[in-house]
Amino acid sequence: MVHWDATEKQTITSFWGKVDLAADGEHSLQRLLYVYPWCRRYFHKFGDLSTISAIRKNSHVRAHGHKVLSALGDCVPHLGDIKGHLAQLSKLHCETLHVDPANFCLLGQIITIVLASRFGAAFTPEVQACFEKLVGVTAAGLSSQYH
């Protein structure tokens with residue numbers, strides 16, 4: 001189990017309220033699919049993802065990016081048991097979708113980059129440390145059902 005001190009919890013909770021789930025989620029998934037093109041194989045039902053232009057125009061990318069950041073946001077009230085909170089989602093990604101769990105770490109890095117870019121100086125080293133911890137714990141939680 002991961003320990004979150006009061007300052008970390010407050011930082012995550014207050015900063016998360018500023019995150020634009022739709023826009024930041026869309027930008028995060030767009031970057032993931034462009035920077036790490038091998039991740040596209042999990043999204044074949046989304047249609048054309050062959051270029052950054054196609055990725056940016058894709059409504060499925062937009063919708064799924066929102067869904068991903070919403071799921072991350074749903075972890076915020078469950079900081080004490082993210083692994084338990086994500087058990088069903090982990091099982092889905094492992095047993096049904098067969099997603100390589102290394103991609104969860106890549107997505108976490110991308111989310112951090114997108115938030116740092118959007119918030120600039122407000123994304124202080126202290127905020128970044130909290131978000132790095134959050135996405136790391138989330139990636140571990142999503143990987144928990146893998147054998």
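**Close-up views of a predicted model**

**Figure 1. Helix α2 and its buried residues.** In this predicted model, the residues of α2 that are buried are Asp24, Gly25, Glu26, Ser28, Leu29, Gln30, Leu32 and Leu33. The elements that cover these buried residues include α3 (52–57), α4 and α7.

**Figure 2. The largest nonpolar core and the surroundings of Leu33.** The largest nonpolar core holds 40 residues, of which Leu32, Leu33, Ile82, Phe131 and Leu134 touch the most other members. At least two residues of this core come from each of α1 (6–16), α2 (21–35), α4 (59–75), α7 (102–119) and α8 (125–142). Two of the residues named for touching the most other members, Leu32 and Leu33, are also among the buried residues of α2. When residues up to four places away in sequence are not counted, Leu33 touches Cys39, Arg40, Phe43, Leu49, Ile55 and Val61.

**Figure 3. The salt bridge between Arg118 and Asp24.** A search of the whole structure finds three salt bridges, one of which is formed by Arg118 and Asp24, with the closest N and O atoms 2.8 Å apart. Because Arg118 lies in helix α7 and Asp24 in helix α2, the pair ties together parts that are 94 residues apart in sequence. Asp24 counts as buried, its relative accessibility being 1%, whereas Arg118 counts as partly exposed at 41% relative accessibility.

**Figure 4. The salt bridge between Glu26 and Arg62.** Helix α2 also carries Glu26, which forms a salt bridge with Arg62 in which the closest N and O atoms are 3.4 Å apart. Since Glu26 lies in helix α2 and Arg62 in helix α4, this pair ties together parts that are 36 residues apart in sequence. Glu26 counts as buried at 14% relative accessibility, while Arg62, at 36% relative accessibility, counts as partly exposed.

**Figure 5. The salt bridge between Glu8 and Lys133.** Glu8 and Lys133 form a salt bridge, and their closest N and O atoms are 3.0 Å apart. With Glu8 in helix α1 and Lys133 in helix α8, the pair links distant parts of the chain that are 125 residues apart. Glu8 has a relative accessibility of 17% and counts as buried, whereas Lys133, with a relative accessibility of 22%, counts as partly exposed. The cut-off matters for reading these two values, because buried means under 20% relative accessible area.

**Figure 6. Cysteines without a disulfide.** A search of the whole structure finds zero disulfides. For Cys75, the closest cysteine sulfur is that of Cys105, and because the two sulfur atoms are 14 Å apart, they are too far from each other for a bond. Cys94 is likewise in no disulfide, the nearest cysteine sulfur, again that of Cys105, being 15 Å away. A disulfide would require a pair of cysteine sulfur atoms within 2.5 Å. As for their accessibility, Cys75 counts as buried at 0% relative accessibility, and Cys94 is buried as well, with a relative accessible area of 12%.

Technical notes: Residues numbered from 1 in each chain as written. Predicted model: local features only at pLDDT ≥ 70, side-chain atom pairs only at ≥ 80, totals over all residues. Heavy atoms only, no water. Buried < 20%, exposed > 50% of the residue type's maximum accessible area, 1.4 Å probe, protein only. Core = buried A, V, L, I, M, F, W, Y, C linked by side-chain atoms within 4.5 Å. Helix = DSSP H or I, 4+ residues; strand = E, 2+ residues; numbered from the N terminus. Contact = heavy atoms within 4.5 Å. Salt bridge = Lys/Arg side-chain N within 4 Å of Asp/Glu carboxyl O.
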